[in-house]
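Here is a friendly briefing to read beside the model. Please keep the sequence and the 3D view open as you go.

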Amino acid sequence: MSGPDRPALPVVIVGGLHAEARRATVARLLADVPGSVVLHHDLATAAAGTVVRTVRDATGILSAGEAPLVNDCACCALREDLVPELVRLADAGGTPLAVVELWDSVEPKAMAEVVTAGGFTVTGVITAVDPALVLPYLGNGDDLAEGGLAAAATDQRTVADTFARQLEYAPVLALADSLPGSPEADDEDRELLAQLHPTARRVSVGSGGGRGGGPGGGHGGALGNAPAAPGSPSAAPSSELVRAALAGFDVESAAAAQHPACALLPAEADAHGVTTLVWHRRRPFHPGRLYAALEDLTCAAARSRGRFWLADKADTLLHWDAAGGALCVEGAGPWLASLPDAAWDLVPPVRRAAAALDWHPEHGDRCQHLVFTSPGLDRDGLDRLLESCLLTDAEYAAGRAAWELLPSGFDTLLEV
């Protein structure tokens, strides 16, 4: 899709369910990079059979159009329409930066992969966040469809799990504080955000200018005449937000960081009333006892995730993903220890490296690695509950042949 004579067009993706924070972030980028444009596909009209596309700069809308639904899926229409619009901008020349503002529930991972596959360079992925709304959104187990936020008729995602993925995928979080109608964020709100995504680069974008796409109020902070990244807009002075947007982004590395086998999970932490418990064990779970404890475990924290090992499914790496009081458990392929040596060459290097760092002489990479993050977390009670779900000494000593005969409630849950 990318022609040899086509001018380079850096692309930054800005997403997030916090719409006002997202608009403030986009407005700041338009103000800080003169001549930049933002592409936005509004999926709210999908029920009528179309997706509305707008292209605008800091002065207002430059063009607008409609894209038909593809297979009754608004996100599919976005995928089909986005790259041709980027091609048109690149061929026209004169655009130093294209900002792709995602609609509320669209997840940045899918769009970053679409843009990269289309031959463009994604220089940054940003999730815009109102810090005061992090806990309310993580605790919202409503279906997206209930709030008119579903991207397709078959969309069964919830507000909480969608927000969690948006938050954890992006290497940059744009924080919009004191937005109209939103409460003030406190130390607990900020600590929760920091523990959920400790490696993220957090940039303040202020609170103004959210609606019209213009420069607005709060400034991202001009921090001197920093040199522009190769192929990036020559914005001077360069704001911290612009530098973060142009820092570079690797789609494959970002995907690997979300895979349960090698995810970069948070570390232990305890501050401002927020706690992260990292629970790591080498003994398998008893499937029946774990299944009976799922509701209590799911509700014990605002967010929990990781990988785990069931005694009766010793070869299957299982993914734990919980938010908003709802849990998703699914198989994520085999543990590497269950594969023949010849198959290791087919496994991505990052997966092999992650397994090597966590290798056990008897069980290989099989383990329990679960992380729970929440204000008011009952660490001791949660630890006792998890320990009670492991095989007892006698059950463990019986060996794998006996483990495979244990009754399991997970067959229905996993649809196997």
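**Val-122 and its surroundings**

Beyond its neighbours within four places in sequence, Val-122 is in contact (heavy atoms within 4.5 Å) with Val-11, Ile-13, Ala-112, Val-115, Thr-116 and Phe-249. This is a predicted model, in which local features need pLDDT of at least 70 and side-chain atom pairs count only at pLDDT 80 or more, while totals for chains, interfaces and linings use all residues. Residues are numbered from 1 along each chain as its sequence is written, and side-chain values use heavy atoms, with hydrogens and water left out.

**Strand β6**

- Val-122 lies in strand β6; strands are DSSP runs of E with at least two residues, helices are runs of H or I with at least four, and both are numbered from the N terminus.
- With a relative accessibility of 4%, Val-122 counts as buried, a word used here for under 20% relative accessible area, where over 50% is exposed and anything in between is partly exposed (1.4 Å probe, protein chains only).
- From Val-122 to Gly-248 the sequence separation is 126 residues, yet their C-alpha atoms are 7.1 Å apart in space.
- Thr-123 also has its place in strand β6, which covers residues 122-129.
- Thr-123 is buried too, at a relative accessible area of 10%.
- Setting aside neighbours within four places in sequence, the contacts of Thr-123 are Pro-10, Val-11, Val-12, Ala-245, Leu-246, Ala-247, Gly-248 and Phe-249.

- Helix α1, residues 19-32, holds Leu-29, which is buried at 0% relative accessibility.
- Leu-29 and Ser-239 are 210 residues apart along the chain, and 8.9 Å separates their C-alpha atoms.
- Val-83 sits in helix α2, residues 74-92, and is buried with a relative accessibility of 6%.
- The C-alpha atom of Val-83 is 6.4 Å from that of Val-115, a residue 32 positions away along the chain.

**Two loop residues**

- Leu-406 belongs to the loop between α13 (400-403) and α14 (410-414).
- Leaving out neighbours within four places in sequence, Leu-406 is in contact with His-286, Pro-287, Ala-311, Asp-312 and Leu-391.
- For Leu-406 and His-286, the C-alpha distance is 7.7 Å across a sequence separation of 120 residues.
- His-272 is in the loop between β9 (269-271) and β10 (274-281).
- Although not a glycine, His-272 has a positive phi of about 50°.
- Most residues other than glycine have a negative phi.

**The fold as a whole**

- The protein has 14 helices and 14 strands.
- Its radius of gyration, taken over C-alpha atoms, is 23 Å, close to the 22 Å from the globule rule for 416 residues, so the protein is as compact as a globular protein of that length.
- That globule rule is 2.2 Å times the number of residues to the power 0.38.
- The C-alpha trace spans about 70 × 50 × 45 Å along its principal axes.
- Of the 416 residues, 52% are buried.
- Among contacts with a separation of 6 or more, 72% come from residues 24 or more positions apart.

**Surface and charge**

- The protein exposes about 17,400 Å², with 53% of it supplied by carbon and sulfur atoms (Shrake-Rupley method, 1.4 Å probe).
- There are 30 positive and 54 negative side chains, and the centres of the two sets lie 4 Å apart.
- Lys and Arg count as positive and Asp and Glu as negative, without His or the chain ends, and each charge is placed at NZ of Lys, CZ of Arg, CG of Asp or CD of Glu.

**Confidence**

- Mean pLDDT, the predictor's confidence in each residue from 0 to 100, is 87 for the protein, and 90% of the residues reach 70 or more.
- Over residues 208-231 pLDDT stays under 50, and the model has 60 contacts beyond four places in sequence for this stretch.
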